[in-house]
Amino acid sequence: MKKLMTCILLLLLSTAAFKSSGNPELLSAPQAQTDSLKTDARDPVCGMKVKKGTTLTHNHNKVVYGFCSAGCKKTFVSNPDKYLKK
Ligand SMILES: [Zn+2]
């Protein structure tokens with residue numbers, strides 16, 4: 001019985017190790033285009049609240065902006081300065 005438990009534990013550990021090291025691109029690749037929003041924010045185009053975790057984002061000058069819709073994102077990306085300067 002104890003030996004079985006050890007086997008299962010080893011199996012779990014090796015699975016976890018594989019998961020954490022086996023897929024490096026999963027951790028670094030999406031940075032450029034699909035940053036998810038870290039905190040609740042406001043859509044700079046229409047002013048609507050945007051919940052954290054959304055991937056409708058755009059990284060502008062190292063700041064991640066979130067949007068309520070693909071349309072707002074597109075509007076912002078085509079002319080970000082218009083919506084950032086007041
Ligand atoms: Zn919007």
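Visitor: Which residues form a nonpolar patch on the surface?

Guide: The model is predicted, with local features requiring pLDDT of at least 70 and side-chain atom pairs pLDDT 80 or more, while totals for chains, interfaces and linings use all residues. Residues are numbered from 1 along each chain as its sequence is written, and side-chain values use heavy atoms, without hydrogens or water. A patch gathers residues with over 30% relative accessible area and no salt bridge, joining like charges within 9 Å and nonpolar side chains (Val, Leu, Ile, Met, Phe, Trp, Tyr) within 5 Å. A salt bridge places a side-chain nitrogen of Lys or Arg within 4 Å of a carboxyl oxygen of Asp or Glu. Here the nonpolar patch consists of Leu-4, Met-5, Ile-8 and Leu-12, whose accessible area together is about 410 Å². Such areas come from the Shrake-Rupley method with a 1.4 Å probe, and for residues only the protein chains shown count as cover.

Visitor: Where is the place of Met-5, and is Met-5 exposed or buried?

Guide: Met-5 belongs to helix α1, residues 2-21. Buried means under 20% relative accessible area, exposed over 50%, and partly exposed in between (1.4 Å probe, protein chains only). Met-5 is therefore classed as exposed, since its relative accessible area is 54%.

Visitor: How many helices and strands has the protein chain?

Guide: Helices (H or I, at least four residues) and strands (E, at least two) are DSSP runs numbered from the N terminus. The protein chain has 4 helices and 4 strands, arranged from the N terminus as α-α-β-β-β-β-α-α. Of its 86 residues, 15% are buried. The accessible surface of the chain is about 7,000 Å², and carbon and sulfur atoms account for 62% of it.

Visitor: In which sense do strand β3 and strand β4 pair?

Guide: Pairing requires that DSSP find at least two bridges between two strands. Strand β3 (residues 57-60) and strand β4 (residues 63-66) pair in the antiparallel sense, over 4 bridges. Within this pairing, Asn-59 has Val-64 in β4 as its bridge partner. The two strands form a hairpin with 2 residues between them.

Visitor: With which residues is Val-50 in contact, leaving aside its neighbours within four places in sequence?

Guide: Contact means heavy atoms within 4.5 Å. Val-50, in strand β2, is in contact with Leu-37, Asp-40, Ala-41, Arg-42, Asp-43, Gly-66, Phe-67 and Cys-68, leaving aside neighbours within four places in sequence. Val-50 counts as buried because its relative accessibility is 5%. The C-alpha atoms of Val-50 and Thr-39 are 8.8 Å apart, with 11 residues of separation along the chain. For the chain as a whole, 23% of contacts between residues at least 6 apart in sequence join residues at least 24 apart.

Visitor: Where is Lys-51 found, and where does Lys-52 lie?

Guide: Lys-51 is in the loop between β2 (49-50) and β3, and Lys-52 lies in the loop between β2 and β3. Lys-51 is exposed at 64% relative accessibility, and Lys-52 is exposed at 56%. Not counting residues up to four places away in sequence, Lys-51 touches Leu-37 and Asp-40, whereas Lys-52 touches Leu-37, Lys-38, Thr-39 and Asp-40. The C-alpha atoms of Lys-51 and Ala-41, 10 residues apart along the chain, are 6.5 Å apart. For Lys-52 and Lys-38, 14 residues apart in sequence, the C-alpha to C-alpha distance is 5.4 Å.

Visitor: How many disulfides does a search of the whole structure find?

Guide: A disulfide is a pair of cysteine sulfur atoms within 2.5 Å. A search of the whole structure finds 0. Cys-46 counts as partly exposed because its relative accessibility is 43%, and Cys-68 counts as partly exposed because its relative accessibility is 32%.
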